[in-house]
Amino acid sequence: MKTNRREFIKISSIGAGGIILSSPLINLLGKPEEHKDEKRAKRYPTYCEVCFWKCAGWVYTNEEKGEEKIWKIIGNEDDLHSNGRFCPRGTGGVGMYYDEDRLKTPLIRVEKDGVQSFKEATWDEALDLIAKRLKEVAKEYTPECIAMFSHGSGGKFFSNVLKAMGSVSISAPSYAQCRGPREVAFIATYGKGIGSPEPTDIKNTKCLVLIGSHIGENMHNGQVQEMSDAIDDGASIITVDPRYSTAASKSKFWLPIKPATDIALLLAWMHVIINEELYDKEYVEKYTFGFEQLKAHVKSKTPEWAYTITKIKPDVIRKTAHEMASASPAVIIHPGRHVTWYGDDTQRLRAVAILNALLGSWGRRGGFYNPEGIKLKKMPRPDYPKPKRTWRDAHPDQYRLAGLALSSGMCDATIPSPDKDCSYKAWIINGTNLITTLPDQKNTIEALNNLEFVVVIDTMPVDITGYADVVLPECTYLERYDMLRTSKHREPSIALRMPAAKPKYNSKPAWWMAKELANKMGLGDYVPYEKVEEMLDWQLKEYGSSLKEMQKIGVKKIDRKYDDLYLLNGQEYEFKTNTGKIELYSTALEREGFDAMPNYTAHPEPPADFYRLNYGRAPMHTFTRTVNNPNLSDLMEENKLWVNPKVAKKYDLEKDQEIWLENQDGIVSSFAIKVRITQRIGMDSVYMVHGFGGTANKLKRAYGRGGADSELITNVMHDPIMGGTGMRGNFVKFIKNNPHV
Amino acid sequence: MRYGMAVDTNKCVGCSDCVVACQTENNVPLGYARDWIVETVDGTYPNLFLELRSERCNHCDNTPCVRVCPTGASFIGDGGIIKVKPNKCIGCAACIESCPYDARYMHPNGYVDKCTFCDHRLAEGLDTACVSVCPTKCLYFGDVDDPNSEISILLANNKHKTLIPEAGTKPQLFYIV
């Protein structure tokens with residue numbers, strides 16, 4: 001049975017709207033606020049969920065009128081991700097809890113007289129329906145036809161249920177839409193990916209090279225802190241960016257490169273470093289494979305050659321190459337994080353990896369350290385059934401080097417086509433607003449329309465909730481337990497997240513939802529605990545700690561097992577590559593039919609009257625996750641379109657003028673964006689912060705505020721190596737009169 | 001004893017963490033702020049200079065805000081911290097007008113509010129909320145009268161400026177440039 005076209009339901013169609021309370025901070029008696037006292041406050045450990053850096057900290061609560069209320073969040077001094085200092089988003093995380101627009105109760109899609117809307121439901125009704133529909137999909141098709149997309153801590157609990165059903169199609173958009181190419185490139189080169197947090201030894205570096213990475217605007221906490229330490233210690237920074245980013249303004253050298261030409265610059269740097277014999281000879285000889293091939297490969301890639309492509313002057317290319325070489329091995333050519341730009345991203349990141357190898361920075365102090373983490377035991381549970389199909393079957397014979405599931409690949413495979421015999425029939429979406437996360441919204445919506453069943457688990461009524469059959473309101477990270485954080489760092493550690501307050505409204509933690517769902521599906525054995533605390537305590541006791549201890553300390557630092565933070569100081573070392581060496585010449589890529597060494601290829605230029613659409617981050621926001629947060633939207637309530645003054649003059653644009661954008665495919669932005677006229681951007685591109693301009697009208701502070709880059713990204717350049725979705729080949733022109741009237 | 005603050009503009013990334021930390025620590029109502037970020041851009045692409053800095057009350061030595069206050073609500077506290085007694089404030093806003101730095105705002109409860117250098121935290125031996133949260137550690141706080149304090153040593157060794165020195169207010173907020 002085919003369901004009707006999935007109408008996008010704006011969650012406004014739920015009964016009466018909530019009453020807007022005036023801020024509880026304002027009393028009308030004119031009485032000054034008393035200072036809250038840290039000594040009388042209670043504190044609860046957490047790790048942050050406002051971004052993926054997962055800093056550990058303390059949530060302070062205070063008693064107000066006999067009620068314990070969340071007051072503030074500060075960093076945990078023992079935490080290596082934050083060093084006791086939260087970023088603005090973590091500090092403003094209190095707003096995630098207080099946001100009055102939160103999802104409040106389960107919702108079920110209903111149809112009456114041909115009109116679809118949501119009705120409020122009990123947890124039993126919602127979970128019963130999910131259990132029933134998932135079982136039906138599994139029966140009618142196969143369990144493998146159920147897919148999950150997750151970018152939130154709660155996803156772990158749902159993926160357990162999905163695996164118990166027999167599907168492993170579980171993806172995070174943080175791979176194919178973000179950091180995937182760098183992982184594949186570094187695995188191809190060093191046999192090891194970068195991971196998160198990036199093991200860049202920034203605080204000990206002498207030279208930090210940023211290519212399109214705007215640290216300071218992307219607020220990846222530990223990294224921002226270490227960049228500041230490096231500035232204190234006199235390190236030089238080289239920033240390659242067509243935009244005068246914050247990092248560019250801190251740099252000894254800013255290279256305002258012509259967009260989409262980075263590989264040419266990287267090849268020219270290699271040329272200078274090899275040609276002038278500035279590379280780390282001992283390191284290259286001992287640890288690398290393919291140097292002679294690389295030398296021949298970059299022989300003709302002179303700075304003069306690169307100048308014609310990148311517009312960076314040859315002497316600047318040479319000077320910056322010398323700067324890096326003189327810092328070697330304490331130099332970092334930073335791999336970046338969001339690297340899905342032009343579809344040849346794995347090759348660009350290969351060039352970054354190779355340049356680091358020439359300078360001997362991998363495994364060296366001031367370059368890349370060797371992180372260490374711990375693995376916690378898992379409570380015994382039955383084995384998962386072995387799936388007959390996996391996410392790899394979503395794109396047969398393609399992207400074989402992808403290490404993780406591709407969200408975009410699974411989305412594409414949901415749209416039926418003659419060459420696929422089983423497309424996905426049901427999606428579970430946790431903590432990711434797929435509408436703005438995946439490029440080409442039309443494609444995403446078409447996939448959604450083809451689904452039999454969609455569940456969305458979120459804390460906020462973001463765009464994607466409007467496409468759900470059932471919406472489950474998750475409580476915020478401040479109100480729940482989650483899995484323990486055990487990410488790798490300079491030292492291993494464990495961090496605990498526990499509730500600092502009871503779940504507001506009728507929201508619930510993911511562990512509870514997943515457990516109830518498993519029970520209703522007859523999969524209760526896979527969740528071998530009544531309360532998640534039992535499981536956490538069991539894991540911690542297996543490790544020699546306890547939940548009680550962790551509730552007191554929040555973070556447990558553990559000594560390294562191995563004294564190999566910097567592991568390539570002449571020691572013997574076998575890399576997990578085909579040759580056992582750092583592969584300057586990649587045998588794995590060659591075997592798959594790709595270039596074994598990176599080549600520059602020209603990318604399309606914006607046509608007349610069009611400008612390349614670049615996008616990025618603001619330090620106080622994490623995509624749509626934060627745009628409605630009362631504290632964070634108070635710091636930045638909308639994005640603006642950065643336009644060079646000469647461009648603004650050409651089109652007679654004024655400061656703060658509201659305009660619309662149309663892209664190369666005729667897609668027009670839904671909402672107006674204000675113009676920011678600034679010298680900080682060149683004449684061939686425009687720029688906006690990602691995450692604004694949302695269509696979810698229940699987000700009172702965010703709805704229609706600013707522009708959405710994501711709706712204008714319809715030209716997607718797929719990385720043939722791993723399926724990453726290159727998103728920086730979209731061009732926009734200005735529309736001055738409202739196209740929607 | 002004279003409290004002062006230094007902001008290293010070479011490190012500040014303008015993230016606004018100081019703003020939100022102050023708001024939560026001090027119950028500053030949303031829509032208002034005791035500290036804020038200023039960005040200045042000079043030059044023409046690609047020859048540019050950007051300065052990002054965290055601003056707040058300058059806790060001046062020469063205080064127009066205290067002088068114009070008709071009720072004595074604005075006063076100079078210990079260590080030169082300029083404060084407002086909410087109960088004595090009649091909300092006339094003369095101090096807001098007189099401040100060259102626009103560092104005061106009218107609290108919705110009807111009194112003037114401003115940065116206190118978190119003196120309630122200083123009393124506990126803690127740093128101000130903004131200093132303790134700053135991810136780039138670009139904020140320094142201390143006794144500028146003591147030549148051996150971290151802030152005095154920092155100012156002695158680094159080129160710095162104050163804002164609107166021509167107003168003659170002798171500000172105690174210093175910007176390392």
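This briefing covers the chain interface, the domains, the cavities, the salt bridges and selected backbone features of the structure above. The model is predicted. Chain B and chain A bury about 4,000 Å² between them, and five salt bridges are found across their interface. Chain A is assigned two domains, domain 1 (179–371) and domain 2 (611–735), and the lining of the largest cavity takes at least three residues from each of them.

**Interface of chain B and chain A**

- The contact involves 50 residues of chain B and 51 residues of chain A.
- Of the roughly 4,000 Å² buried between the two chains, 55% lies on carbon and sulfur atoms.
- The size of an interface is often expressed as the accessible area lost when the parts come together.

**Salt bridges**

- Over all chains, the structure holds 57 salt bridges.
- B:E25 and A:K72 form a salt bridge through their side chains, with an N to O distance of 2.6 Å.
- This pair links two chains: B:E25 belongs to helix α1 (residues 17–25) of chain B, and A:K72 belongs to strand β3 (residues 67–75) of chain A.
- A:D229 is paired with B:K137 in another salt bridge, where the closest N and O atoms are 3.2 Å apart.
- In general, side chains of opposite charge can pair when their charged atoms come close.

**Domains of chain A**

- The C-alpha centres of domain 1 and domain 2 of chain A are 27 Å apart.
- Between these domains, 26 residues of domain 1 are in contact with 24 residues of domain 2.
- Domain 1 and domain 2 of chain A bury about 1,900 Å² between them, with 56% of that area on carbon and sulfur atoms.
- The interface of domain 1 and domain 2 of chain A has zero salt bridges, whereas the interface of chain B and chain A has five.

**Cavities**

- Twelve cavities of 30 Å³ or more are present in the structure.
- The volume of the largest cavity is about 200 Å³.
- The largest cavity is lined by 18 residues, of which A:G212, A:D241, A:P242, A:N614 and A:R728 are the closest to its centre.
- Strand β19 (residues 611–616) of chain A contributes three residues, the largest share of the lining of the largest cavity.
- The lining of the largest cavity comprises nine nonpolar, four polar and five charged residues.
- Both domain 1 (179–371) and domain 2 (611–735) of chain A supply at least three residues to the lining of the largest cavity.

**Backbone features**

- The peptide bond from A:S328 to A:P329 is cis, and its omega is near 5 degrees.
- A:P329 is located in the loop between α12 (314–327) and β12 (331–333) of chain A.
- A:F623 has a positive phi, near 55 degrees, although the residue is not glycine.
- A:F623 lies in helix α21 (residues 623–626) of chain A.

Definitions and conventions: Residues numbered from 1 in each chain as written. Chains lettered and ligands numbered in written order. Predicted model: local features only at pLDDT ≥ 70, side-chain atom pairs only at ≥ 80, totals over all residues. Heavy atoms only, no water. 1 Å grid on protein atoms, 1.4 Å probe; cavity = no way out; pocket = protein on both sides within 12 Å on 5 of 7 lines; lining within 4 Å. Points joined across faces, edges and corners; volume = space filled by probe spheres on them. Helix = DSSP H or I, 4+ residues; strand = E, 2+ residues; numbered from the N terminus. Nonpolar A, V, L, I, M, F, W, Y, C, P; charged D, E, K, R; others polar. Domains from an automatic or database assignment. Contact = heavy atoms within 4.5 Å. Buried area = accessible area lost by both parts, 1.4 Å probe. Salt bridge = Lys/Arg side-chain N within 4 Å of Asp/Glu carboxyl O.
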